[in-house]
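This report looks at one strand and its neighbours, then at one pair of packed helices. The sequence and structure are shown below.

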Amino acid sequence: MNEEPVFQSHELFRSLILLGFAIYIARLSATGYLQYYVAPEMYPWLRLSVIPLVMLSVNLAYRTMFGTKHGVDCHCEHPVTGSKLKHAAIYALFILPILLGSLLPDQALGVTAAAKKGMILGSPVLTREQLDGKFKAPDKYNVEFAELAKLLYVQDPIEVKPEIYSEIVGSIQLFKEEFKGKRIRLSGFVYRDAGVSPDDEFVLGRFLVQCCTADAYPFGVPVLLQANHPAVRNDAWLEVEGNLVTVIREDREVMAVEAELVTEIPRPDTPYIYLNSKAVEQWIQEARESSGGIKPGAGDDS
Amino acid sequence: MNKLFPLRILPILAPAAFILACMTVLLPLAAGSVDLTYLYTFRTSFLGILLEALPFVLLGSLLSSLVHLYVSEQLLKKWIPKNPAAGILTACILGLLFPVCECGMIPLIRRLIQKGMPVYIATVFILSGPIINPVVFGATYMAFRLYPEMVYARMGLAFFVAASIGVMIYVTWKTDPLKMASASGATAQDHPAHHSHSNQGKKKWTSIFVHTADEFFDMGKYLLLGCMLTAGIQSFVAKESLESIGSGPVSAYVFMMGFAFLLSLCSTSDAFVAQTFLHSFSSGSLLAFLVFGPMLDFKNTLMLLSVFKTKFVIYLAFLICTVVFTGAVAVDAFFLSQ
């Protein structure tokens with residue numbers, strides 16, 4: 001009987017921790033800040049996990065208050081062993097994310113993370129090899145890019161929608177010669193490499209997220225400012241409108257924007273970019289309808 | 001005991017209060033000079049990785065407790081093929097049925113071993129499950145859409161590595177690899193009978209809760225440590241400084257495998273990260289990254305250590321390193337660079 005209170009205090013701690021996680025996830029989900037941490041595919045999983053968390057918590061709490069030491073006649077539990085200090089450390093470990101999550105304001109990844117992860121110029125859905133020789137291969141994604149390029153070409157200015165950001169950038173990059181001189185409008189955060197970027201240039205970046213922040217992947221388009229333009233602040237969110245050009249960066253030709261209009265915008269509700277083939281299809285559908293089904297043949301004859 | 005509790009922590013409370021006081025005085029001063037963005041980057045990465053893994057660990061704990069209560073040893077024996085070769089092959093494709101990532105798999109595997117699943121079959125399942133499953137196939141195909149051979153190379157090599165390690169474990173490892181082997185062995189013996197004969201539904205429900213919570217806290221602490229270390233590496237160590245290590249032909253393999261270990265990405269999203277290295281690394285080393293990462297990384301090593309004896313984990317890690325390395329080099333030479 002002596003051990004009973006110890007065991008129960010463990011159950012109480014665990015119950016509170018589980019409840020803490022449940023409340024934290026529910027609150028993140030309700031406020032919409034969940035998108036700073038995981039991709040939309042994960043939302044249902046996380047929302048669902050609140051239910052077992054609460055059930056476990058309630059069950060533990062119930063047993064703390066009313067149950068006997070073993071509410072079930074079961075000898076298979078891992079005995080709660082170890083020193084007080086060890087337990088304190090373990091519970092601290094569990095409490096840390098809850099405290100960290102609820103006390104500090106939610107922030108999306110920004111320039112610091114981009115610098116560590118390595119900013120990639122151009123769209124991450126294309127790589128150099130693919131551009132150099134292989135893109136003429138009969139591949140359904142290249143067909144999709146060509147399709148996208150055709151529909152983009154008739155727009156003025158080309159609007160880079162966040163839903164299919166990486167695909168549009170990839171498509172323009174693939175056919176960059178054709179797109180030279182076209183007007184484009186896109187938004188992102190300012191990424192300036194302290195030592196490398198000249199004063200009149202920065203990268204307009206975004207994070208592409210597949211699952212969670214662990215695989216968040218920074219990519220962006222170089223923006224060339226006009227000579228007399230005031231310097232831009234790192235991490236600021238901007239909307240840039242200008243003409244497409246190509247520049248040589250990191251030993252390869254990439255698309256860039258000669259900025260004419262630079263406006264500071266609030267951080268968008270959805271700061272990250274996700275890969276979404278449905279959105280691409282939908283966009284193509286809408287663009288076709290709005291252009292009256294006419295297929296301009298300019299984009300793909302490279 | 002409860003009354004004594006505050007008295008006992010008094011000696012710790014004094015220095016803690018001192019540190020707290022120091023910090024309240026110093027923090028505003030330090031905040032000006034120290035870049036807080038690093039803290040925020042760490043926080044976002046840490047919580048992101050944790051939130052992504054949490055539902056799966058919960059699911060794994062739940063599955064594990066269900067197996068514990070509803071699958072008897074006899075039943076499991078019937079399911080597992082007697083022939084080791086057939087057993088290994090079945091375990092290789094078991095991932096097709098359970099598309100769970102490794103976070104969810106480890107608690108389940110522990111329970112299955114306790115129930116009498118042979119170690120080599122369990123090992124094969126741990127290794128192949130996170131790679132040979134439809135979700136990962138789809139994700140890899142998306143990332144390497146212009147290199148479909150990479151997708152098949154990944155699946156094939158994972159199959160080969162898992163099967164051959166399974167054979168090696170079958171031949172060389174005869175003892176119980178689980179921690180607290182004697183205790184778990186004993187409970188596994190007398191337990192299923194007890195549960196399968198008790199018809200009290202309410203008790204069974206409660207016991208599902210008890211086991212799930214136990215499992216969750218057991219795994220959770222290792223998961224949390226793994227998330228913290230991974231997030232730390234991701235937010236404080238620059239990719240370039242890591243990249244400079246792996247420039248030679250052999251060091252590229254070593255680097256990509258080490259990188260996979262440190263990043264601890266989920267197998268459903270690592271292909272995308274690997275794809276970004278296409279222009280700077282050989283396809284063989286990328287293949288090593290894709291096969292090695294899901295089998296062995298920071299997060300799952302800590303979780304493995306919570307279940308298996310250290311000696312077994314080291315042995316397994318050694319096998320994975322050597323077989324993946326050899327396999328990736330061979331596939332690169334005979335399949336990818338033609």
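## Strand pairing in chain A

A:Phe189 stands opposite A:Gly205 in E4(A). The model is a predicted one.

| Partner of E4(A) | Residues | Sense | Bridges |
|---|---|---|---|
| E3(A) | 183–191 | antiparallel | three |
| E5(A) | 217–224 | antiparallel | eight |
| E8(A) | 272–273 | parallel | two |

A:Leu204 has A:Val221 as its bridge partner in E5(A), and A:Phe207 lies opposite A:Tyr272 in E8(A).

How many of the eight residues of E4(A) are buried? The number is seven, in a strand that spans residues 201–208 of chain A, so E4(A) is largely enclosed by the rest of the structure.

## A helix pair in chain B

Helix H8 (residues 148–172) and helix H16 (residues 310–336) of chain B have axes that come within 10 Å and cross at roughly 140°. That angle makes H8(B) oblique to H16(B). The crossing of H8(B) past H16(B) is right-handed.

On the H8(B) side, the contact includes B:Ala153, B:Leu157, B:Phe160 and B:Ile165. From H16(B), the residues in contact include B:Ile320, B:Val324, B:Gly327 and B:Phe335. The residues of this contact comprise 14 nonpolar, two polar and one charged.

Notes
Residues are numbered from 1 along each chain as its sequence is written. Chains are lettered from A and ligands numbered from 1 in the order in which they are written. This is a predicted model: local features need pLDDT of at least 70, side-chain atom pairs count only at pLDDT 80 or more; totals for chains, interfaces and linings use all residues. Axes are lines fitted to C-alpha atoms, for helices over the stretch in contact, and angles run from 0 to 180 degrees between N-to-C directions. Helices (H or I, at least four residues) and strands (E, at least two) are DSSP runs, numbered from the N terminus. Angles under 35 degrees count as roughly parallel, over 145 as roughly antiparallel, 65 to 115 as roughly perpendicular and the rest as oblique. A crossing is left-handed if the near helix is turned anticlockwise from the far one by less than a right angle, and right-handed if clockwise. Two residues are in contact if their C-beta atoms, placed from the backbone, lie within 7 Å. Ala, Val, Leu, Ile, Met, Phe, Trp, Tyr, Cys and Pro count as nonpolar, Asp, Glu, Lys and Arg as charged, and the others, Gly among them, as polar. A residue is buried if 20 or more other C-beta atoms lie within 10 Å of its own, exposed if 12 or fewer, and partly exposed in between; C-beta atoms are placed from the backbone. Two strands pair if DSSP finds at least two bridges between them.
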